[in-house]
Amino acid sequence: MNTASNGEALVHLRDVVKHFPVGSGLFRRGGGEVVHAVDGVSIDVRRGETLGIVGETGCGKSTLARCMTRLYDLTSGSVTFDGRDISLLSPRDLRPFRLEMQMIFQDPYNSLNPRRRVGSIIGDPFAIHHSVDGAERKRRVQELMELVGLNPEHYNRFPAEFSGGQRQRIGVARALALRPKLIVCDEPVSALDVSIQAQIINLLAELQQQLGLTYVFIAHDLSVVRHVSDRIAVMYLGKVVEVARAEELFARPRHPYTNALLSAIPEVDRDDEVARPQRILLGGDVPSPIGPPSGCRFHPRCPKARERCSVEEPALEPKDGAAAVAACHYPVEPGELARPA
Amino acid sequence: MSALLDVRDLRVSFPTADGVVEAVRGLSFQVEAGKTLGIVGESGSGKSVTTQTIVGLTQGAETSGEAMFDGRELLAASPEVLRSIRGAEIALIFQDPLSSLHPQYRVGWQIVEAICAHETVGKKAARGRTLELLRRVGIPNAERRIDDFPHQFSGGMRQRAMIAMALALNPKLLIADEPTTALDVTVQAQIIELMKSVQEDFGTAIVMITHDLGVLADMADDVLVMYAGQAMERGARPAVYRRPHHPYTTGLFDALPSRGRGKALLTPIPGLPPSLIDPPKGCPFHPRCRFVFDPCRRDQPPLVAVDGDERHRSACWLPPTSEPRR
C-alpha cells in the first residue's frame, strides 16, 4: 500500500497513557491496583501511510487503537487528529471526528448484528449522522457494496447468509460509508483462511489507492503486517519499543524484542539445506501489566539485559544514525540478527 | 515398513436438515511411527473431521472405509475399545486449551485423573508422574503450579499442560488439531520446539492439523493438502513445498505475503470453497482453478505420482510434472 505519504501527521499521539483499575465495580477487589495497558506512547500516523502495530497478546495494541479513536478516554496524554486536540472532547463534540475515523474489527461473526439486514448495517453510519436517507441512502449503500466487491442485489440479506470473507467486506463497506480519513483495522484478517485473507488485504490496498486512506493496521501475523505497512511500531507491555520502515524493521531490527519476535516467525520458504539460525526462544510469558518490571520492561526476558536495564528506562531514540527508533540501551548488533536479511 | 496409522478410502457424512454433508470423501493416508504428518487445508476441508472420526468422536456421522492403527481396525471398533485407545495410545490436543481443560478442577488433578483412568496406579504415584511431566513441558515452578486452576495459566502454559496430559500415558500417536493457532508467534515457536523435542524423546508420531503452511515447514516430515474432503496433494514435505503440483497447493503458497515481493498485490484464490452438501462434479477445485479444462469438470482426477516420485502425488489432470516454486 504505497500511496505517497508526505510525512505530515494525520494523528499525533503524545505520552498517551491508559490505565484500567483492577476489579472496578461494586466490590473494588483490586485494592487500587491498575493495569498499565498503554503507558506513555508517542507516535505519529502520517497522512496516506499504513502504520502497522505488532506485539504479543496484552501488549496494548488494541487499547492504543481505541485511545487513538477516542473509544476510550485517556488517563493522560493527548491525541491530535487532523490538527485538533481531541483528547478531552465530550462525546457530542467528538461526533464530527467520528465521521473521519472508523474501525474494522477482527471477528466478522460478532461485529455484525445477526438480526439486521446487510443494507441497514452498512447504512447505519448514514442514519446515525443524519447525512442521507431514503432512496439516496439505498443507492449509496449499494455503491459501497459494489466498491468492496459484494453483489448490491444482496442488500436485503442477513449476515448469516455470507461467508467470513464476505462479512469482512461488509465491515469494510460500513467503515467506508462516511468517507473517513483514517481507518483503524484491528486484526482484520486473522479470522480468515489464507486464500480469503489475500482477497481482503488486496481490497484494503486498492481502496487506499482509490480513496487516499490512512490505515492503522494491527495484527499478530507479522508477515501480513510487513506486507501492508509502510512503517511498523513494535509494542511490548504498553510501550512502543521500536518504530521503523517495514522492510528495515525486518532486515535490521534494533530492539532485542523485535529480533526475538522476528525469529519466531515460521518460515515457509525455509531452505532445508541451510540450517535455520538458532531461534531466540523467549523464556516465560509476558509479565503482568499490573506491576510491570522496572527500567526496561523487557529486561527480565532479554538475552542482552545488563544491570543498567533494570534501573534506567531507555528512551525511544534513533540508533546509529538510522531512521529507525528503538528504546534500548544495548541494541542488536549486526552479528546478532536472528534471520538472514 | 508398515505404517502406524493406515487410513483407506475414508468417507464421513453428516445428515443435516439441509441435506447430507459429505465432509470427507474417499481419503487415504498413512502415518509412520515416530514421524510427523502435517494436514493442511482451509476451514471446512474436512481435516478435523478426519481425525475425530478415527478416534470415534464424530457421533451421528455415517462412516465408511478403514483405519488400521497398530494392527487394529478403529472404524469398526466398539466404544469401549476406542475409549481404551483414546488417551492412552492416541492422544489429542486442540486449538483452544481453555475449553479442553475443565475450569473447576486443578490442572494437576486433571492429569492425574487421566493417568488413573487408564492405568492401575496409586494417586500418589500418578501425582509424581504428573509433576515430572509438567516440568518436562516447561511449566515454571511446577510443584506450585500443579495445584493451579486452568484460568491461572496463560494460553501458552495451558497448551503446555495439554501436551503434558497428552503425553501422560506415553501414546504412540499424538493428534494436534491447530495447537498453536490461538497463540502468539513467540509462544507458538516455544510449543513447536517442545513438540519436536518430545517427539525425539518419546518417539511419538504426530498428526499436525493446521491452516498455516509456515508451521508445517518447521516440523512436518510429510504433508497432506486437503480440499473439500479430499486429498489434493501429498508427499514428503520438501517435495511438496519446493515443487508443489496441484493448482490449489500453489494457490495457497501464492496467497501468502512473503518477503521480497514488496507491496505488490497478493494473488488470492478467487471464489469460495464449495458447499459439501452438493460438491462440484469432477475435481472439487475446478470452479476456482485457473487451469481448468474439460476433463476437470467431468471426472475426478486420481492421485498420480509427480515427476515420477511415487510418494509425491497430486490429484490433478495437468501433466504430472512440477516446477520449482518461485
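## Helix 1 and the sheet of chain B

Angles between axes run from 0 to 180 degrees and are taken between N-to-C directions. In this predicted model, helix 1 (residues 47-54) of chain B runs at about 145 degrees to strand 8 (205-210) of chain B. Helix 1 of chain B also lies across strand 3 (36-40), strand 7 (173-177) and strand 9 of that chain.

Chain B holds an open sheet of eight strands with mixed pairing, in the order 6-7-8-3-9-10-12-11. Strand 6 (90-93) and strand 11 (303-306) of chain B each have a single partner strand, so one side of each lacks a neighbour in the sheet. From one strand to the next, the twist averages 20 degrees. Strand 10 and strand 12 (residues 309-315) of chain B are joined by two bridges in the antiparallel sense; B:Ser314 is the bridge partner of B:Glu233.

## The nonpolar core

The largest nonpolar core has 189 residues. Among those with the most contacts inside it are A:Ala173, A:Val216 and B:Ala164. Leaving aside residues up to four places away in sequence, B:Ala164 touches B:Ile111, B:Leu133, B:Leu134 and B:Val137.

## Helix 11 of chain B

Eight of the nine residues of helix 11 (residues 247-255) of chain B are buried, including B:Pro247, B:Tyr248 and B:Asp254. The buried residues of this helix pack against helix 6 (194-211) of chain A, and also against elements of chain B, including helix 9 (213-219) and strand 10 (230-236).

## Contact between the chains

Chain A and chain B each bring 34 residues to the contact. On the side of chain A that touches chain B, helix 6 of chain A gives the most, with seven residues. By class, that side has 15 nonpolar, 10 polar and nine charged residues.

Conventions. Residues are numbered from 1 along each chain as its sequence is written. Chains are lettered from A and ligands numbered from 1 in the order in which they are written. This is a predicted model: local features need pLDDT of at least 70, side-chain atom pairs count only at pLDDT 80 or more; totals for chains, interfaces and linings use all residues. A nonpolar core is a set of buried Ala, Val, Leu, Ile, Met, Phe, Trp, Tyr and Cys residues joined through C-beta atoms within 7 Å. A residue is buried if 20 or more other C-beta atoms lie within 10 Å of its own, exposed if 12 or fewer, and partly exposed in between; C-beta atoms are placed from the backbone. Two residues are in contact if their C-beta atoms, placed from the backbone, lie within 7 Å. Helices (H or I, at least four residues) and strands (E, at least two) are DSSP runs, numbered from the N terminus. Ala, Val, Leu, Ile, Met, Phe, Trp, Tyr, Cys and Pro count as nonpolar, Asp, Glu, Lys and Arg as charged, and the others, Gly among them, as polar. Two strands pair if DSSP finds at least two bridges between them.
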